[in-house]
Amino acid sequence: LEDLRVELGVGHGGDVGHGASLRVGLLRVLRRRWRGNAGRGGGVPGCSDERSEDGGLGIGPLPCFTADVNPVLRRLSGRTHKVISAVALVSAGREAQAVSISEVTFDALDDAAIARYVDSGEPMGRAGGYAIQGLAETFTARLSGSYSGVMGLPLRETAQLLRQLGA
């Protein structure tokens, strides 16, 4: 992000809704968040957030306990789900936003595989209950879209927004 000259407030929170309204809700939450970040340094203030959904239903809240993660991973096991990542930037009073939609397919996971992954601690506090840049990559059969978007910040879209704002 330093190379892109972005001061990004990354986080989760706020009621964003589900389905088509999930995208709109993410952007609404981001606009509120970046307004709070504006003027805090020399870069372009902005923020990003992501949500996972399966069959149009949002997956959340962020799992923090084993009891929260197990059902999420069981639900995603052997299936394809969407990851919707949004980024909002502001520069010279102008606002720019983008949404990246990726699809991730997991291998079928048995209870033992889920238990091993949960025991690693990696899924705790992660959107969708996994971190694709970590051990979850070992059971990710397919990714269509933005790898960085699945991690939480769609870098291609962020760079496009910076060009659009002339930053």
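This is a tour of one structure, stop by stop, with what to select and what to look for.

**Before you start**

The model is predicted, so local features are given only at pLDDT of at least 70 and side-chain atom pairs only at pLDDT 80 or more, while totals for chains, interfaces and linings use all residues. Residues are numbered from 1 along each chain as its sequence is written, and side-chain values use heavy atoms, with hydrogens and water left out.

**Stop 1: the whole chain**

Show the protein as a cartoon. Its secondary structure comes to five helices and six strands. Here helices (H or I, at least four residues) and strands (E, at least two) are DSSP runs, numbered from the N terminus. Followed from the N terminus, the elements run β-α-β-β-α-β-β-α-β-α-α.

Of the 167 residues, 47% count as buried. Buried means under 20% relative accessible area, exposed means over 50%, and partly exposed is in between (1.4 Å probe, protein chains only).

Contacts are worth a look too; a contact means heavy atoms within 4.5 Å. Among contacts between residues at least 6 apart in sequence, 69% join residues at least 24 apart.

**Stop 2: helix H2**

Select residues 66-76, which make up helix H2. Which residues of H2 are buried? They are Val-69, Asn-70, Val-72, Leu-73 and Leu-76. An α-helix has 3.6 residues a turn, so residues three or four places apart point the same way.

Pick Asn-70 in this helix. Asn-70 counts as buried because its relative accessible area is 17%. Leaving aside neighbours within four places in sequence, Asn-70 is in contact with Ile-114 and Val-118.

Next pick Leu-73. With the neighbours within four places again left aside, Leu-73 is in contact with Phe-106, Leu-109, Ile-114, Tyr-117, Val-118 and Gly-129. After the helix comes Gly-78, whose phi is positive, near 70 degrees.

**Stop 3**

Select residues 80-91, strand S4. Nine of its 12 residues are buried, so the strand is mostly covered. S4 runs antiparallel to S5, and 12 bridges join them. Two strands pair if DSSP finds at least two bridges between them.

Val-87 has Ala-98 of S5 as its partner, and Leu-89 has Ala-96 of S5. In a regular strand the side chains alternate between the two faces of the sheet.

Move to the hairpin of S4 and S5, which has two residues between the strands. Ala-92 in this hairpin takes a positive phi near 50 degrees.

S5 also pairs with S6, in the antiparallel sense, over four bridges. Thr-105 stands opposite Arg-142 in S6.

**Stop 3: the cores**

A nonpolar core is a set of buried Ala, Val, Leu, Ile, Met, Phe, Trp, Tyr and Cys residues joined through side-chain atoms within 4.5 Å. In soluble globular proteins, nonpolar side chains tend to be buried together.

The largest core here has 18 residues. A second, separate core has eight residues, including Val-87, Leu-89, Ala-96 and Leu-165.

**Stop 4: the aromatic rings**

Rings of Phe, Tyr and Trp (its six-membered ring) pair if their centres lie within 6.5 Å; planes under 30 degrees apart count as stacked, over 60 as edge-to-face and the rest as tilted. By this rule the count comes to three aromatic pairs.

How do the rings of Phe-106 and Phe-139 lie? Their centres are 5.0 Å apart and their planes are at 85 degrees, so the pair is edge-to-face. Phe-106 lies in strand S5 and Phe-139 in the loop between H3 and strand S6 (140-144), so the pair ties together parts that are 33 residues apart in sequence. Phe-106 counts as buried because its relative accessibility is 2%, and Phe-139 is buried at 8%.

Tyr-117 and Phe-139 form an edge-to-face pair, 5.1 Å centre to centre, with 85 degrees between the planes. Tyr-117 is in helix H3, 22 residues from Phe-139. Finish by selecting Phe-106, Tyr-117, Tyr-130 and Phe-139, which form one aromatic cluster.
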